[in-house]
Amino acid sequence: MTQSTGRRGAGFWLLAAFFALFVIFLYGPMLVIFILSFQGPTGGLTFPLRGVSTHWFGDLWSSTRYGDLGGAFRRSLMLGAMSLLITAAVCLFAGLAFRRRFWGAGPLFYLAITSLVVPGILLGLGISQLFQLMGFRLQWWLSGLGAHLSWTLPFGLLIMFAVLNRFDGSWEEAARDAGASPWQVLRLVTVPILFPGLIAVALFGFTLSYDEMPRSLLTVGGRNTLPIEISNMTTNVTTPALYAIGTVTSVISFTVIAAAFVAIAIIQKRRARAKRGA
Amino acid sequence: MSRSSGRTPVLTPYLQVAPLALIMLAMVGIPIVTVVLLSFWQSDGIAIYPEFTWDNYRLVLTSPVTLTLFLATLKYAAITLVATVLIGFTCSYFLVFHVRNLKWQIGLFLLCTIPFWTSNVIRMVSWIPFLGREGVFNQALMAAGLIDRPLDILLYSDFAVVLTYIHLFTLFMIVPVFNSMAKINPSLIEAARDAGASGWQILWTVIVPLSRTGIALGSIFVVTLVMGDFFVVRVMSGGQSASVVSAMKNQIDQLFYPEASAMAVLLIVVVLMMVSAILRIVDIRSELAR
């Protein structure tokens, strides 16, 4: 490109400053609550810091004021894990199916998109009333999981479309010509090639479920998930314990995101090396 | 594709897509039908009776509160939309046309999207120490000598609600706008420049029109997210403001399910009308196929 040879003008620096401000806007408040979660025992919800301690983290687990945080945390992790596995598996096969024409492909796609744009609480109302009309009890691992899947699967499907866009079907063709069974093609060719994309789908499956609140609210039954407990805390809790739980749950989110990125990067580096070596 | 259809059985795609179709039907399709059905049923505040009635709609449509709620929600959506389009477009423009190193471009783009995978509740909560009476903003303004008493309108106000919306939803604008901008062929801009177009002319006559798919997709996301919210408006306005869904949530809490459902159906109709209006301006499907 010829423009890259030119010197960077005032426009560049103005836009760069705007972008930097946006990034600060995006992350700044989060950093502040991470810092404030280490308030001393007498500290409040705002600056100044009255000492530095892990008092409020301990308070989260020892105090009974915050309801069943431990149980909610376990349930959210379980839901995230289930939703990760189901989203990756279901979206892999659905993505493969959408490469060909089949009856009902259009309506199914629009149903998935509908699930993204419909207010979450409305879907929660529908699911909870449907369960009750049919005489089923609301359970976090059934109606709750279903509500989470209504959120994770459409995103997973869209990611899968993007991944399959760059997938060359002739590799599968070659494997079939060499005598591979459909199962062998899937296990030895399709899945290994698509694996980085599947990690991305799994990342959506876990994190979107782990942080989901509006769809869970009416569908988990008597046992709350962590985001519901935290949103209850926003109105009841006026101590830095609120920030402490925010720090804990954000650390988990960031760890999962980082693990996914690192895994994808390692696979791609290995592939690049293999390509150079060949 | 014809090349594979000769080998694999016709049934294969149906088996492959069956799990998705079943879950989507059970957890999206049928629940939406349930809400629509429920909106025609009777209730006395304790139990629900499956008997047809227009009462829920009559109640919702004749109540003056409904119009106020919809106008308030539309106002939030409009302000948030304008802000997210401006911010999203500017950031994407910077990333696509000014960051020339591909690694940096992808890295900075990911930086904008990472908060999507973290908790919205926590991101909302994180504005409280900023905006409160003794919050960071007020302390900074007072230290700078700009004000001598802390501002009360920062937290628990419409300002806080809209600020939080912009904070939460701008990335839904950046991702599609970035994608459609990245597809613009640089030689088009080159050609416009050779033809004597100024920087602003290139922006208005080349880049903005070619980014319209992304802007439209992002707008659909932002509008539906704002219109579907009940939590931000409740917490960040300190209970002083309401939106359609937060009023619906109150009805649900009082077990007025049929009324809440009628409200929900009305909301879906309004949202669908807005989405189809956006789609009428920009034909997303034909643009995506390009």
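Two residues are said to be in contact if their C-beta atoms, placed from the backbone, lie within 7 Å. The views below come from a predicted model, which scores ipTM 0.91 and pTM 0.91.

**View 1. The contact between chain A and chain B.** Chain B contributes 70 residues to this contact, and chain A contributes 68 residues. On the side of chain B that touches chain A, the largest share belongs to helix α2(B), residues 12-38, with 19 residues. Sorted by class, that side of chain B holds 47 nonpolar, 17 polar and six charged residues.

**View 2. Helices α5 and α9 of chain B.** Helix α5(B) spans residues 102-113 and helix α9(B) spans residues 158-182; their axes come within 9 Å and cross at roughly 150 degrees. Because of this crossing angle, α5(B) is roughly antiparallel to α9(B). From α5(B), the residues F109(B), C112(B) and T113(B) meet L171(B), I174(B), V175(B) and F178(B) of α9(B). The contact between the two helices comprises six nonpolar residues, one polar residue and no charged residues.

View 3. In an unreviewed UniProt entry, the annotation "transmembrane region" is given to residues 12-38, 77-96, 108-128, 140-164, 185-208 and 241-267 of chain A. Two of these spans are described here. Residues 77-96 of chain A are 100% helix and 0% strand, with 29 Å between the end C-alpha atoms. Residues 185-208 of chain A are likewise 100% helix and 0% strand, and their end C-alpha atoms lie 31 Å apart.

View 4. For chain B, an unreviewed UniProt entry places the annotation "transmembrane region" on residues 20-41, 76-96, 108-128, 159-181, 202-227 and 260-282. Among them, residues 159-181 of chain B are 100% helix and 0% strand, with end C-alpha atoms 31 Å apart. Residues 260-282 of chain B are 96% helix and 0% strand, and 33 Å separates their end C-alpha atoms. The annotation "domain: ABC transmembrane type-1", also from an unreviewed UniProt entry, covers residues 70-278 of chain B. Over residues 70-278 of chain B, the chain is 76% helix and 0% strand, and the end C-alpha atoms are 19 Å apart.

View 5. Chain B has an average pLDDT of 89, and 94% of its residues score at least 70. Over residues 1-6 of chain B, however, pLDDT stays under 50, and the model has six contacts beyond four places in sequence for this stretch. Where pLDDT is low, the predicted coordinates should not be read in detail.

Definitions and conventions. Residues are numbered from 1 along each chain as its sequence is written. Chains are lettered from A and ligands numbered from 1 in the order in which they are written. This is a predicted model: local features need pLDDT of at least 70, side-chain atom pairs count only at pLDDT 80 or more; totals for chains, interfaces and linings use all residues. UniProt positions are given in the numbering used here, feature names are shortened, and annotations may be inferred rather than shown by experiment. Helices (H or I, at least four residues) and strands (E, at least two) are DSSP runs, numbered from the N terminus. pLDDT is the predictor's confidence in each residue, from 0 to 100. Axes are lines fitted to C-alpha atoms, for helices over the stretch in contact, and angles run from 0 to 180 degrees between N-to-C directions. Angles under 35 degrees count as roughly parallel, over 145 as roughly antiparallel, 65 to 115 as roughly perpendicular and the rest as oblique. Ala, Val, Leu, Ile, Met, Phe, Trp, Tyr, Cys and Pro count as nonpolar, Asp, Glu, Lys and Arg as charged, and the others, Gly among them, as polar.
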